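Subject: Structure for you to look through

Dear colleague,

I am handing over the structure that we spoke about, and below it you will find my notes on what turned up in it. Please read them with the model open beside you.

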Amino acid sequence: MSSQERSAPRRRNPRGQGQILKAQLVDAAAKLLATLDQPETLTLRQVAREVGVAPASIYSHFTDLSALIQHVLRLRYQELTRLMDEAARAAGPAPLADLTARCAAYVHWGVDQPGHYRTLFGGRMPADLVPGSAHGAGAEPLNAVVASLAAAAAPEREQSTAERQEQAGLMLWTALHGLVSLYNDHGAMPWPPLSDLITDVVSLHTGRPAGEIASLLDRRAGQLAHE
């Protein structure tokens, strides 16, 4: 029996502290989704074993495995959105600074949290377990990038319609997703520094000088170093 299958007896939470168990279940599910070789095989029994409770205890908080996973997805999307928003606020109101900060926060979160990134964007979950609507919270950070890109793009890159702006933002997100995914899956490659990669991606999609974007990233790195 593996260490994952063994669990120490768990003391009951005091009456009225059911939310503690709910949080423990969510943390356990998030951990397993991020670390299992095949996250699509996750079961309620595994989650219960990780926390040290009977599987039936889960039903007091979640109707089924799908509801639990969707809750985890919402929390991860909220975390990513918050980090991108905080980075943009710290960067200042200039459109290019806003966009660069959002893109950098996205990439660094994905590289620092590869398991959680895979949970959101790995596409491994069956549709009957995690329907497409479960990823609705992911529209918020994408919409922010679309608006930021529309404001930051060089005049010759400006998109004339909302539809074109949305497509441009989607293509930028596609590039960022590819960067994170390849970096995580092939980390042994001699990659350039992440800051250089982010600079080139943002420059390519905005038509703005790479040096201008690099200086924004350097400024943000300096702010983080003093926090």
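The largest cavity in this predicted model has a volume of about 80 Å³, and a search of the whole structure finds one cavity of 30 Å³ or more. On a 1 Å grid over the protein atoms alone, a cavity is a set of points where a 1.4 Å probe fits but cannot get out, while a pocket is an open set with protein on both sides within 12 Å along at least five of seven lines, and lining residues have an atom within 4 Å of a point. Grid points are joined across faces, edges and corners, and a volume is the space filled by probe spheres set on the points. The lining of the largest cavity consists of Ala90, Ala91, Ala97, Thr100, Ala101, Leu216, Leu217, Arg219, Arg220 and Gln223, and the elements that give two or more residues to it are helix 3 (65-91), helix 4 and helix 9 (210-225). Helix 9 provides the largest share of this lining, five residues. By class, the lining has six nonpolar, two polar and two charged residues, where Ala, Val, Leu, Ile, Met, Phe, Trp, Tyr, Cys and Pro count as nonpolar, Asp, Glu, Lys and Arg as charged, and the others, Gly among them, as polar.

The largest pocket holds about 410 Å³ of space. Its lining is made of 18 residues, of which Ala104, Ala105, His108, Arg220 and Leu224 lie nearest its centre, and helix 3, helix 4, helix 8 and helix 9 are the elements that give two or more residues to that lining. Here the largest share, six residues, comes from helix 4, and the classes are 11 nonpolar, two polar and five charged residues.

Turning to the chain as a whole, its secondary structure comes to nine helices and zero strands; helices (H or I, at least four residues) and strands (E, at least two) are DSSP runs, numbered from the N terminus. The C-alpha atoms fill a box of roughly 60 × 35 × 35 Å, taken along the principal axes. Of the 227 residues in the protein chain, 39% are buried, a word that stands for under 20% relative accessible area, with exposed over 50% and partly exposed in between (1.4 Å probe, protein chains only). Among contacts (heavy atoms within 4.5 Å) between residues at least 6 apart in sequence, 67% join residues at least 24 apart.

The largest nonpolar core has 59 residues, of which Leu42, Val47, Ile69, Leu99, Tyr106, Val107 and Leu172 touch the most other members. Its largest share, 11 residues, comes from helix 4 (residues 95-112). Such a core is a set of buried Ala, Val, Leu, Ile, Met, Phe, Trp, Tyr and Cys residues joined through side-chain atoms within 4.5 Å. Leaving aside neighbours within four places in sequence, Ile69 is in contact with Leu33, Leu42, Met125, Leu129 and Val130.

Helix 7 (residues 162-185) has 24 residues and reaches 34 Å from its first C-alpha to its last, close to the 34 Å expected at 1.5 Å a residue, the expected span being 1.5 Å times one less than the number of residues. Its buried residues are Ala168, Gly169, Leu172, Leu176, Leu179 and Val180, and what covers them includes helix 4, helix 5 (114-121), helix 6 (139-152) and helix 8 (194-206). In helix 6, Pro141, Val145, Val146, Ser148, Leu149 and Ala152 are buried, under a cover that includes helix 3, helix 4, helix 7 and helix 8.

Lastly, Leu25 is found in helix 1 (residues 18-35) and counts as buried because its relative accessible area is 0%. Leaving aside neighbours within four places in sequence, Leu25 is in contact with Val47, Val51, Val53, Ile58, His61 and Leu68.

With best wishes

Note on methods: Residues numbered from 1 in each chain as written. Predicted model: local features only at pLDDT ≥ 70, side-chain atom pairs only at ≥ 80, totals over all residues. Heavy atoms only, no water.
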